[in-house]
Amino acid sequence: MSVMTVRRATRVIFAGSLFALLAAGIGTITAASSGASTRASTRSITIGASLPLTGPLGGLGSDQEIGYRAEVNDVNRAGGIKIGGSKYKINLTILNNASTATTASNQARALVTRDGAIALLGGATPTISVPQADVATLLHVPFVTTNNPDDAFGSANAKGWKYAWDVFFKEETQAKTVAKWANVCPSNKKVALFNDTEKDGTFERPLYEAAVKADGDRVVGTYTFPPPTTTFSSFITSAKAAGAQIVIGQMLPTAGIALVKQMKSLGFHPDVVILAKAANAENWWKGLGSLATGSGMELTWSPAAHYPGTPQILKTWGKKLSVDTLASAVPDFGAAQVLLQAISRAGSTSAAKVNAAIAKTNGMFAVGHVKFLKNHTAVTRYLVGQWTHGKVVQVYPPVPGVKTECPMAGLR
Amino acid sequence: MATTALSRAPESVAPALPLRRRGIAALGALVLAGAACLALGEVGGAGVLSLGTTLFAYVALAQAWNILGGFSGQMSLGVGAFVGTSAYTMALTMTRLGWSWLPGMVAGMAVAGSLSALLAFPLLRLKGDYFAVGTLAATLALDAWFDNWSFVNKSMGVSVPIQAVPGQTEMYVIGLVVALFAVGSAIVMRWSTFGVRLLAIREDDLAARLLGVNVSGYRLVVMVVSGMLIGLAGGVFALSLVSFVPDGMFAMSWTIEALVMVVIGGMGTVIGPIVGAVAVYYGITTELANFPTLSLFFEGGLLLVIVRFVPGGLWPFVVRTARRSLEWCGTAIRSARATRPPSS
């Protein structure tokens, strides 16, 4: 046998081995995942969720997974969900859309058509949730989501949503609350607004402007930018030159972290900083460290709000999860409660019946009172928290014994 | 134009049968394959219909890229430009003008083709890597423009009217027709004198020009055809996704998907992109949907193995191996007959 033949045979064997390894890897993973779903399929129903577990919204998505799984685990521990006299275990299938809208849409479709999900839970922000809601509407599958400001979500379908529902706060409440909190600290009342051009950011910008003006503040800079932007030096220089001491904004976490770091490096030290959506997850502190001290964070849940089930939530999760993670995860826990209770009330897995039951929701949940409006949104409260030494405390509406720390220490 | 080893599929250069007969045979096989897919859609459930629709759109996308990159040797990184333009045209004509999906899709295809023709004038003056970078720059520019253009709702994106989106079975048929059209176009191009001239341009454009081939004209036509086919695929994606934003529709990921599918399946062949689309979308993306990071890992791993060990792609490798096996069997039989003692 010649040297060339031996070399060729070695190449073929090596390439074949690599192919076999790749195929075996895919096969093993597929078998493992399908095995898990087969085990769960005995007398069970499937609920699907495509979440941004990685990418720019990774922090929010991870907290969503915690919230959704917690409610499903609670129900399964209690024997399952009661539908028409029988109990069914819930198989929660969660896929990672990596913060990509097209993947979120494709996964929502696959969860229904391939995995047989009878209902869907949504991902964070309108960019991810609206395409999923469209798919749910197209396939006639109930879809409950959260982490989407109400008007941005409610207006995303010109003809009105039929199968999609959202439990979150209203943008107007958000703007007014943020403006009021910003004035708790003494400042020169000059405001710089930083908003990305996602649906919620675009909605929020004029509302912020109106709210701060109503509170006697003056907007000295309005800066808008596409979502992936992470370079803000020209905006920061302009805001600094205009003498802004209050920074209010709405953007992706990656953009928010970059903005605060660049403010520090360019010597811009506003007294108040609150960047909605950006500061909403643990990644905010991980990304900024002590730089985040004193920054604001929007909350839909806090222990001080005394919603139903708060002592139980703190007892079950309080030791494992920080308050900021809970603040982000509990709304998702609440959204899952709304969906599962509606399925139980419907007494059927029929999409039309479950959808009708969701529409009739009217009661107290982990995020407070939930009752859906005509635009398929249920309004929750808006609270402001403040990051202090890696923890979040509710500071607005004021809580006895807790004071807003002014000025923002992280940038000093 | 200098070509890489990747862009050559040796067995695709010299067909054994006359061009027209091979083309007709291939079109016949395509019709049979289409009928089989249609039958599969009839018996398959919602999962098969949904999977099939996306797979067909990817087949069309990969084939469109292959016509440009594999047949004419122009490596484009601008697939997203045509997917995005077509999807936006479709959504805007449906929402603002009240058109149904069919004229919307045709309009999307026409606008993608026009964009292609428009871009061809500056881009066709560039060669090799510069052409690739030019197509990428055009896509990034379009993405930035749409992100900031009020008429298309800026980065908030647009939606196709839900009530105008066809049902799952209809979507499957639409996807199938688009894929068949793209593969049919590739067959007609490949097994015609047009295709032979295209291959000549791919192998050596200077020699082709000296032989009287209108190199610029052929490249323009192939770029427009590729753009239109990508536009058609973009229309199917738009109907499947319903609502979308510029960053999703003008994304680099469309180019990467098409390129990976074509390279894995076999660049410059007609069957290769189909094999690649099935291997990548069905074999990896769908099977590993729960593990997106692993999915990318396996996709990259497979690409590395193909590029290193089977640079022509899977399909040419299968054809070559089958041909050699048959030759080996024939030789073995002949030698066995030759050594057999003569019977009494």
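This note walks through a predicted model, from confidence to domains, sheet and chain contact.

1. Conventions. Residues count from 1 along each chain as its sequence is written, chains are lettered from A and ligands numbered from 1 in the order in which they are written. The model is predicted: local features need pLDDT of at least 70, side-chain atom pairs count only at pLDDT 80 or more, and totals for chains, interfaces and linings use all residues.

2. Confidence. pLDDT is the predictor's confidence in each residue, from 0 to 100. Chain A has a mean pLDDT of 88, and 90% of its residues reach 70 or more. Residues 35–41 of chain A stay under 50. For that stretch the model has 4 contacts beyond four places in sequence (contact: C-beta atoms, placed from the backbone, within 7 Å). Where pLDDT is low, the predicted coordinates should not be read in detail.

3. Domains. Chain A splits into domain 1 (43–169 + 306–381) and domain 2 (172–297 + 385–411); the bounds come from an automatic or database domain assignment. Their C-alpha centres lie 28 Å apart. Domain 1 gives 20 residues to the contact, and domain 2 gives 18. On the domain 1 side, H12(A) supplies the largest share, 5 residues. That side holds 10 nonpolar, 7 polar and 3 charged residues (nonpolar: Ala, Val, Leu, Ile, Met, Phe, Trp, Tyr, Cys and Pro; charged: Asp, Glu, Lys and Arg; polar: the others, Gly among them).

4. The sheet. In chain A, 7 strands form an open, mixed sheet in the order S2-S3-S1-S4-S5-S6-S14. Helices (H or I, at least four residues) and strands (E, at least two) are DSSP runs, numbered from the N terminus; two strands pair if DSSP finds at least two bridges between them. S2 (81–83) and S14 (377–379) of chain A are the edges: each has a single partner strand, so one side of each lacks a neighbour in the sheet. S5 (143–146) and S6 (164–168) of chain A run parallel, joined by 4 bridges. Thr146(A) stands opposite Val167(A) in S6(A).

5. Helices on the sheet. H2 (58–77) of chain A packs there, touching S1, S2, S3 and S4 of chain A. Its direction makes about 165° with that of S3(A) (axes are lines fitted to C-alpha atoms, for helices over the stretch in contact; angles run from 0 to 180 degrees between N-to-C directions).

6. Between chains. 35 residues of chain B contact 38 residues of chain A. H13(B) gives the largest share of the chain B side, 7 residues. That side divides into 19 nonpolar, 12 polar and 4 charged residues.

Technical notes
Contact = placed C-beta atoms within 7 Å.
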